[in-house]
There are 2 protein chains.
Amino acid sequence: MAHQCALVSAVMKQRYFDDLKVGDRFKSEPLRVTEKKLIEFADKFDPQMFHLSRKGAERTIFKGLIASGWHTAAMTMRLFVQTLNFAKGAIGLGVDKLRWPNAVRPGDVLTVETRILGVRPSRSRPRYAIVRLRNVTTNQRGEVMQTMLASAMVRRRLRRRALKPADNRTTDPKTTGPKQ
Amino acid sequence: MAHQCALVSAVMKQRYFDDLKVGDRFKSEPLRVTEKKLIEFADKFDPQMFHLSRKGAERTIFKGLIASGWHTAAMTMRLFVQTLNFAKGAIGLGVDKLRWPNAVRPGDVLTVETRILGVRPSRSRPRYAIVRLRNVTTNQRGEVMQTMLASAMVRRRLRRRALKPADNRTTDPKTTGPKQ
């Protein structure tokens, strides 16, 4: 029951750039990786023998089924999005140093810890700001499954009086929507 | 018919490290992105309003539905795996400079061009080698949707006589399987 309440409150709270500062840390809910979902993802996006079937994977260097690194990345995104819950979303600008030091296996339970590394207003879009962050994905034994650095564009709280007229002009999304 | 034959031959041919040299380029088959699949991926892994429904996405900065960057990355992996078709698979070690300069939209048709940037034998595993590559994902208009650098571990052709006894010992996957 307490767990449910915490989840609801996390879903309710919409976060803005203004709520973040360098050094802030956030920890996600857990997410269990099932064999079925692991194979389903691989079948669509990474059809290699160590991801596709238990039997085939036993004959590989991994001696068993492992998740695609891109599946781990996608699950990490899900946990990140749920946890931070940015108002108007987080628009991914880029990712660096994406690493998979250990392989995710069926039954693993993943959590993501997000650390805010940098925050700055967008130069071209005054309603937005750029957040630089590090996501570390661990399993139920605390083993690191994935690390990455990312930059995302998120909304600032609107304070119209604080915006200069020139800024207002450049923020019209009808004429200046981002490419991504 | 000619197209089918080319596809079959691509599927049949298993590639090893020894088949690659710096500067080699490979172009994938095309892959169409449907609205259904785009939303399905977002629902599972990136539930943000610009990925989830046409109507909701129209009210965002993108003025319409766009694919999650992680979906674009996953589709890129699928095309890369199909095209290169490494014997025993390609084991992802890491990714850098993952960027999404344009957003993928429903109906887009993606292709991936892979360029080999570096090849070197693995220091610790004589049966394997490390390939450094760049993947560029474009749409039907040639617009760049995603760029990335990646390192992957792939198999070398076995030439037992060329391996020193000490090397043979360290390559036994029963005792020295990689973490990933």
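In this predicted model, A:Arg54 is exposed, with a relative accessible area of 52%. The residue takes part in a salt bridge with A:Glu35, whose closest N and O atoms are 3.1 Å apart. This pair links distant parts of the chain, since A:Glu35 belongs to helix 2 (residues 35-45) of chain A and A:Arg54 to helix 4 (residues 54-58) of chain A, 19 residues apart. A:Glu35, at 26% relative accessibility, counts as partly exposed. The threshold for calling a residue exposed is over 50% relative accessible area, so A:Arg54 passes with its 52%, while A:Glu35 at 26% is placed in the partly exposed class.

A further salt bridge in chain A joins the side chains of A:Arg25 and A:Glu113, at 2.6 Å from N to O. Here A:Arg25 sits in strand 1 (residues 25-27) of chain A and A:Glu113 in strand 4 (residues 109-121) of chain A, so the pair ties together parts that are 88 residues apart in sequence. Over all chains, a search of the whole structure finds 14 salt bridges.

Attention now turns to the contact between the two chains. From chain B, 49 residues are in contact with 48 residues of chain A. The size of an interface is often given as the accessible area lost when the parts come together. For chain B and chain A this buried area is about 4300 Å², with 62% of it on carbon and sulfur atoms. Between chain B and chain A there are four salt bridges. One salt bridge is that of B:Asp96 with A:Arg99, where the closest N and O atoms lie 2.8 Å apart. Polar contacts between chain B and chain A amount to 20 residue pairs, both residues being at pLDDT 80 or more. On the side of chain B that touches chain A, at least two residues each come from helix 2 (35-45), helix 3 (49-52), helix 5 (69-84), strand 3 (91-99), strand 6 (144-155) and helix 7 (173-176) of chain B. By residue class, that side of chain B divides into 27 nonpolar, nine polar and 13 charged residues.

Strand pairing also crosses the boundary between the chains. Strand 3 (residues 91-99) of chain A pairs with strand 3 of chain B in the antiparallel sense, over four bridges. Within this pairing, A:Val95 has B:Leu98, in strand 3 of chain B, as its bridge partner. A:Lys97 also lies in strand 3 of chain A, and its phi is near 50 degrees, a positive value in a residue other than glycine. At 47% relative accessibility, A:Lys97 counts as partly exposed. A phi near 50 degrees, again positive in a residue other than glycine, is found for B:Asn85. B:Asn85 lies in the loop between helix 5 and strand 3 of chain B and is buried, with a relative accessible area of 17%.

A:Ala74 is part of helix 5 (residues 69-84) of chain A and counts as buried at 0% relative accessibility. Leaving aside residues up to four places away in sequence, A:Ala74 touches A:Phe41, B:Phe41 and B:Phe45. The C-alpha atoms of A:Ala74 and A:Phe41 are 9.9 Å apart in space, and the two residues are 33 residues apart in sequence. In chain B, B:Thr147 has its place in strand 6 and counts as buried at 14% relative accessibility. With residues up to four places away in sequence again not counted, B:Thr147 touches B:Lys97, B:Leu98, B:Arg99, B:Arg134, B:Asn135 and B:Val136.

Terms used
Residues are numbered from 1 along each chain as its sequence is written. Chains are lettered from A and ligands numbered from 1 in the order in which they are written. This is a predicted model: local features need pLDDT of at least 70, side-chain atom pairs count only at pLDDT 80 or more; totals for chains, interfaces and linings use all residues. Side-chain values use heavy atoms; hydrogens and water are left out. Contact means heavy atoms within 4.5 Å. Buried area is the accessible area (1.4 Å probe) that two parts lose on being put together, summed over both. A polar contact is a pair of N or O atoms within 3.5 Å; within protein, one must be able to donate a hydrogen and the other to accept it, and residues adjacent in sequence count only if both atoms are side-chain atoms. Ala, Val, Leu, Ile, Met, Phe, Trp, Tyr, Cys and Pro count as nonpolar, Asp, Glu, Lys and Arg as charged, and the others, Gly among them, as polar. Two strands pair if DSSP finds at least two bridges between them. Buried means under 20% relative accessible area, exposed over 50%, partly exposed in between (1.4 Å probe, protein chains only).
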